[in-house]
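Student: I have a structure to look at and would like to learn how to read it. Could we go through a few features together?

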Amino acid sequence: MTEPHTLTPAAPALTGKCFNCEAPHAVLYFDPPYAPFHLCPECFRRHALYDAAYGQLELLIRESVAAWISVWGETFRRPDLGERFRHMAEVFDGEEAAQHEARTRTVHIQPPMNAEQCREALECIERTRAPVLAQLAALEEGA
């Protein structure tokens with residue numbers, strides 16, 4: 001009979017508290033170059049989605065930079081891409097903040113609906129609900 005396996009830093013437990021939300025019964029997740037950590041199903045889905053999004057962004061940036069270098073490579077031997085991307089990120093953050101402010105301002109200046117407007121909105125929802133539910137049922141039957 002062999003000895004039971006003992007936990008060492010090289011062999012963490014398969015389950016534990018979630019690294020993000022501390023939910024119990026999270027499973028082990030390996031994300032090189034980071035140490036293994038535990039994620040619950042919800043945080044795992046979010047982490048995988050972020051990984052996919054940032055992976056796609058990196059691929060698009062690589063392709064764009066390669067195309068840019070093919071045109072401008074002779075002029076700029078070694079551009080400081082890190083500095084340019086930091087500057088672009090600051091510009092994007094400012095633009096996104098301004099857009100968020102404009103959206104929030106629009107929501108705050110709209111007056112609340114009166115009873116008649118609420119009734120009309122509910123009637124509109126009811127009119128559109130039945131066809132949408134029929135389409136959903138047809139899609140589920142076809143699957």
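Student: Which residues does Phe37 touch, not counting residues up to four places away in sequence?

Tutor: A contact means heavy atoms within 4.5 Å. Here Phe37 touches Phe19, Val27, Leu28, Tyr29, Asp31 and His47, leaving aside residues up to four places away in sequence. This is a predicted model, where local features need pLDDT of at least 70 and side-chain atom pairs count only at pLDDT 80 or more, while totals for chains, interfaces and linings use all residues. Residues are numbered from 1 along each chain as its sequence is written, and side-chain values use heavy atoms, with hydrogens and water left out.

Student: Which residues make up the largest nonpolar core?

Tutor: A nonpolar core is a set of buried Ala, Val, Leu, Ile, Met, Phe, Trp, Tyr and Cys residues joined through side-chain atoms within 4.5 Å. Buried means under 20% relative accessible area, exposed over 50%, and partly exposed in between (1.4 Å probe, protein chains only). The largest one has seven residues: Cys18, Ala26, Tyr29, Phe37, Leu39, Cys40 and Cys43. Strands E2 (26-29) and E3 (37-39) each give two or more of them; strands (E, at least two residues) and helices (H or I, at least four) are DSSP runs, numbered from the N terminus.

Student: How many salt bridges are there?

Tutor: Side chains of opposite charge can pair when their charged atoms come close. A salt bridge is a side-chain nitrogen of Lys or Arg within 4 Å of a carboxyl oxygen of Asp or Glu. This structure holds five. In one of them, Glu58 pairs with Arg62, with the closest N and O atoms 2.9 Å apart.

Student: Is Arg62 buried or exposed?

Tutor: Arg62 is exposed, because its relative accessible area is 56%.
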